[in-house]
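Trainee: I would like to go through this structure with you. Could we begin with the terms?

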Amino acid sequence: MKNIKFIQLMQRSALALGLLAFGTSVHAGEDVKVLLEILLEKGILTQEEFDKKLKKAQEAEEIRAFNAAQDISRANREIDQRAESERKFKTQIYGQVSAGYYQASNMTSENLTAQGMSDQPKGNNRVGLKVSRELDPDNTAMITLESNFSARTGAIGRDSAGYGTANSSTPGSSLFDREANMRWISKNYGTFILGRGANLQNDLSSAFDSRQNWNFGGLKPIARYAGFHSAGGINRADKLLRYISPSWNGFTLDTGVSFGGVAGNEEKGTNYYVGGRYKNGNFEMGYNHAEVKLGSSSTPTSIDSVNNRVDFVAAKYAIDKLTVNAGYVMTRNPNPTGARGGFFDIAKTAGAVDADTWFTGAVYKFTPEFSWNFGYYAVNDKTSQVCVGASSAKNCNNGLRMFASGLTWSPYKEWDFFVDYARVIRESGATGAFTIYDKWKPDTGSASASTGYSESTLSQSGVSVGAQFKF
């Protein structure tokens, strides 16, 4: 019996020693150590053999543990690299849409009252795509594609903002009419933009208007009328190279050139602007000087010299819940041959523009969700021309004054609900057509002409109710 037990013990010992010979597959845990101690106690192993075998097992375990740790570390690095790559590469779909109901007097070319579903009454409807890649912690590359669209008709592109239809036979049918550009954003050197996009004038007109550049009764229709807003080069431009500097003690330089170019003359239709913004605490101001060469829609690069020269300066100041703003704009057309300078130039000789525009306003937030806004705008048209019923040229009082006010409720950051009232006062004999609704085609009135859908030469007033969703 003792011999059998001894043989079994020897077999187990041989098996244990065999396993130890393949140390890469055995863990030097407590079970191995206990087994070696039993063999030492039974006299099967000497103390020297015990020490050698235990050391070998421990070394094998250390190697195995090291290899396992390396595998885990390598897997973690690969996961981190994938996460870092995904973090640096971002895709964003964004936009906004507004619609509602409006009613306004003296709106069409026949001076009729118009009403119906309003299209983008607060801000231009848009949908866009941004794709960016972080090159390093200080530099990012980005591509932006952005289009206007109509919530009334489904039209998309530049014409949907004007008349609710996109005509593929005209330059205005561009799909990405708002932005189609690439940019390099550097924390140290600023931002460079190349392609179609907005310029400084667009940004300032929006930032310093208490009505937030609203299409109904805001600075945008006034600016179109006075000649310092146009998607055709003044506030947005094709082939634009724009530079925005980093902030230097609150000041940011903003300058750009929009390249024109036709065969034999690369400078035709080339526009320039330079300006900037300054911010210090609750105070902010902006300035822009632009020299823009405007052509007709059929020959946009036909103009060789400056048509509209714009000088825009504005400021705003926040006091607790109240923000007040004021601004002044000079629009000049020193060489008007063959060019249109603004909406009211249709009755002027060769489209001359000589206008001064003043505007002021305020925004008061009763609560973070509920606010009131007010805006006053005055255009002084200094160009002499023949008035309606007159026999000689004189100042025809083609200027105007506009009052606009509204309430906005924003229960969520994505949603605005609003009601607005606007009134424009015209003098008798005025020949320049104006609209409180940013050149939009109403449901009623004549549609037989390319102009005059919402403009008239009489005083206008209107109400707009609607909602805007931002995403």
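Mentor: Buried means under 20% relative accessible area, exposed means over 50%, and partly exposed lies in between, with a 1.4 Å probe and protein chains only. This is a predicted model, in which local features need pLDDT of at least 70, side-chain atom pairs count only at pLDDT 80 or more, and totals for chains, interfaces and linings use all residues. Residues are numbered from 1 along each chain as its sequence is written, and side-chain values use heavy atoms, with hydrogens and water left out.

Trainee: Is N139 buried or exposed?

Mentor: N139 counts as buried because its relative accessibility is 13%.

Trainee: Where is N139 placed?

Mentor: N139 is in strand β4. Helices (H or I, at least four residues) and strands (E, at least two) are DSSP runs, numbered from the N terminus.

Trainee: Which residues is N139 in contact with?

Mentor: Apart from neighbours within four places in sequence, N139 is in contact with R133, E134, W184, I185 and S186. Contact means heavy atoms within 4.5 Å. The side chains of N139 and S186 are also joined by a polar contact of 3.3 Å. A polar contact is a pair of N or O atoms within 3.5 Å; within protein, one must be able to donate a hydrogen and the other to accept it, and residues adjacent in sequence count only if both atoms are side-chain atoms.

Trainee: Changing topic, how many salt bridges does the structure hold?

Mentor: The structure holds 12 salt bridges. A salt bridge is a side-chain nitrogen of Lys or Arg within 4 Å of a carboxyl oxygen of Asp or Glu.

Trainee: Which residue pairs with E146?

Mentor: E146 forms a salt bridge with R178, and their closest N and O atoms are 2.5 Å apart. This pair links distant parts of the chain, 32 residues apart: E146 is in strand β4 (residues 139-148), whereas R178 is in the loop between α4 (159-162) and β5 (179-186).

Trainee: And why does R178 count as buried?

Mentor: R178 counts as buried because its relative accessibility is 7%. E146 is buried as well, with a relative accessible area of 4%.

Trainee: What about R242 and D203?

Mentor: Their side chains meet in a salt bridge, at 2.7 Å from N to O. R242 lies in strand β7 (residues 236-244) and D203 in helix α5 (residues 200-207), so the pair links distant parts of the chain, 39 residues apart. R242 is buried at 5% relative accessible area, whereas D203 is partly exposed at 27%.

Trainee: Which residues form a network of salt bridges?

Mentor: K122, D416 and K470 are linked in such a network.

Trainee: Now the core. Which members of the largest nonpolar core touch the most other members?

Mentor: That core has 37 residues, of which I222, F228, F312, F434 and I436 touch the most other members. The largest share, 5 residues, comes from helix α6 (residues 219-226). A nonpolar core is a set of buried Ala, Val, Leu, Ile, Met, Phe, Trp, Tyr and Cys residues joined through side-chain atoms within 4.5 Å.

Trainee: How many residues of α6 are buried?

Mentor: In α6, 8 of its 8 residues are buried, including K220 and R224. Just after α6, G227 takes a positive phi of about 90°.
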